[in-house]
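Student: I'm new to this one and would like a close look at a single part of it. Could you walk me through it slowly?

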Amino acid sequence: MNTLMAQGLELMLIGMGVVFSFLIILVAVTSLMSLLVKRFGQAPAVSPAATTTAAPAGDMPSPALIKAIEKAVRQHRQSQQ
């Protein structure tokens, strides 16, 4: 029984060591990736005026498309009742 307990303790310590080592490596790699992204992955600066302007009128769907969507929604709701 004594050797079985020693083997269990040894297996537990080896397993916990492997998991702990993996977690340390994972934290180090994640921190390194974060530093690399901060250093080399900067997005181009966008001026505040460009973000506050309204969307151009060309982005609006045509009235015919709006009516077709309304008709499809109305037909779907009627079929669900």
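Student: Which residues make the nonpolar surface patch of about 410 Å²?

Tutor: Happy to! Keep in mind that this is a predicted model. The patch you're asking about is made by Leu 9, Met 12, Leu 13 and Met 16, and together they give a nonpolar surface of about 410 Å². Let's zoom in on one of them, Leu 13. You'll find Leu 13 in helix 1, which runs over residues 2-40. Leu 13 has a relative accessibility of 52%, and exposed means over 50%, so Leu 13 counts as exposed.

How far can you trust that region? Among the elements of the protein, helix 1 has the highest mean pLDDT, at 95, while helix 2 (residues 48-52) has the lowest, at 59. For the protein as a whole, the average pLDDT is 87, and 81% of the residues score at least 70.

Now step back a bit. Helix 3 covers residues 63-80, and it reaches 26 Å from its first C-alpha to its last, close to the 26 Å expected for its 18 residues. The number of buried residues in helix 3 is zero, so helix 3 lies largely in the open.

Key:
Residues numbered from 1 in each chain as written. Predicted model: local features only at pLDDT ≥ 70, side-chain atom pairs only at ≥ 80, totals over all residues. Heavy atoms only, no water. Patch = residues over 30% accessible without salt bridge, like charges linked within 9 Å, V, L, I, M, F, W, Y side chains within 5 Å. Areas by Shrake-Rupley, 256 points an atom, 1.4 Å probe, with all protein chains shown as cover. Salt bridge = Lys/Arg side-chain N within 4 Å of Asp/Glu carboxyl O. Helix = DSSP H or I, 4+ residues; strand = E, 2+ residues; numbered from the N terminus. Buried < 20%, exposed > 50% of the residue type's maximum accessible area, 1.4 Å probe, protein only. pLDDT = per-residue confidence, 0-100. Expected span 1.5 Å × (residues − 1).
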